[in-house]
Amino acid sequence: MQSLNPVRNIVRRGRDLMIIGALVLLVGLLIGSIGLLTVLLFSSPTFGLGAMGIGVLTVLTGLAVMGRGLSLRTENEPAKAVAQALSHALSSEYTFIRNVSRRGLGYIDAVLVGPPGALVFRIHDQHGVFENEGADWLVRRADGVFHLSRLNLTRECVADVYALRKYLAKRGLAHVPVYAIVVFTHPSASITARQPVVPIADLRSLLDVMRADYMRQTRIDPKTVQATVKAIYE
């Protein structure tokens, strides 16, 4: 299995966000300056104050976009752990792309591409005792009672599947089947599932879960596999 990390794409996306944020920041400063001059030069400050308010909001938006560009991570350590767990079990027909971040697709922890199609990973690396019921998650708190969690692992994974299907369809790869899996990587995490919407696994059970769902049959040819990898990675 080949394991890839599209660092160049992430760096390029971060640079683009920094440039866009800087331009928005400059526009905000210009609007704010016009508003300030209006307040100082004219007796009616309504327009000037409004322009200053818009300028401040625009500056804050620019700073937020720049902050997003700076915060893009170039590695996903939990996804790297999943890649290591799969590396000796899967053949060279498979490519594991971790830390996926592309315009038009968004961020995905990892995507495995092979003869069965594409498999989207949503990876959680925190310890705890978790229960999955359909699309909902419960977590056991200190009192020993399970409470509804704010985790949206299943829904986030499903959203990633739809995003990848749409992304591939725009590139002539609508026929590539896209599957999903939620993976827990922390060694002390305990998980149980009742009628999960998306298959659930930890590192120990990952291959068994994949073989029971995603890897049951060959669905695409090697040429389509290569095209899919190129569309996601390059």
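What you have open is a predicted model, so local features need pLDDT of at least 70, side-chain atom pairs count only at pLDDT 80 or more, and totals for chains, interfaces and linings use all residues. Residues are numbered from 1 along each chain as its sequence is written, and side-chain values use heavy atoms, with hydrogens and water left out.

**The whole chain**

Stay zoomed out for a moment. The C-alpha trace spans about 75 × 55 × 25 Å along its principal axes. Its radius of gyration is 23 Å, while a compact globule of 234 residues would come in near 17 Å; the radius is taken over C-alpha atoms, and the globule rule is 2.2 Å times the number of residues to the power 0.38.

Of the 234 residues, 43% are buried, and here buried means under 20% relative accessible area, exposed over 50% and partly exposed in between (1.4 Å probe, protein chains only). Among contacts (heavy atoms within 4.5 Å) with a separation of 6 or more, 64% join residues 24 or more positions apart.

**Stop one: Thr58**

Select Thr58, in helix H2 (residues 46-71). Thr58 is buried, at 17% relative accessible area. Show what is around it: leaving aside neighbours within four places in sequence, Thr58 contacts Val24, Val27, Gly28 and Ile31.

**Stop two: H4 against H6**

Next, pick out helix H4 (residues 153-169) and helix H6 (residues 222-233). Their axes sit 11 Å apart and the packing angle is about 105 degrees; axes are lines fitted to C-alpha atoms, for helices over the stretch in contact, and angles run from 0 to 180 degrees between N-to-C directions. H4 and H6 are therefore roughly perpendicular, the label for 65 to 115 degrees.

Which residues make the contact? From H4, show Leu164, Tyr167 and Leu168; from H6, show Thr228, Ala231 and Ile232. By class, that gives 5 nonpolar, 1 polar and no charged residues (Ala, Val, Leu, Ile, Met, Phe, Trp, Tyr, Cys and Pro count as nonpolar, Asp, Glu, Lys and Arg as charged, and the others, Gly among them, as polar).

**Stop three: two loops**

Jump to Asp143, in the loop between strand S6 (136-140) and strand S7 (146-148). Asp143 is exposed, with a relative accessible area of 53%. Draw a distance from Asp143 to Ala118: the two are 25 residues apart along the chain, and their C-alpha atoms are separated by 40 Å.

Then go to Thr185, in the loop between strand S8 (178-184) and strand S9 (190-194). Is Thr185 buried or exposed? At 14% relative accessibility, Thr185 is buried. Thr185 and Pro78 lie 107 residues apart in sequence, but 6.5 Å apart from C-alpha to C-alpha. Not counting residues up to four places away in sequence, Thr185 touches Pro78, Val82, Ile123, His124, Asp125 and Leu203.

**Last stop: positive phi**

Most residues other than glycine have a negative phi. Select Asn99, in strand S2 (residues 95-102), where phi is near 60 degrees, a positive value in a non-glycine residue. Asn99 is buried, with a relative accessible area of 0%.

Finish on Gln195, in the loop between S9 and strand S10 (200-202). Gln195 also is not a glycine, and its phi is positive, about 50 degrees. Gln195 is exposed, at 75% relative accessible area.

Key:
Helices (H or I, at least four residues) and strands (E, at least two) are DSSP runs, numbered from the N terminus. Angles under 35 degrees count as roughly parallel, over 145 as roughly antiparallel, 65 to 115 as roughly perpendicular and the rest as oblique.
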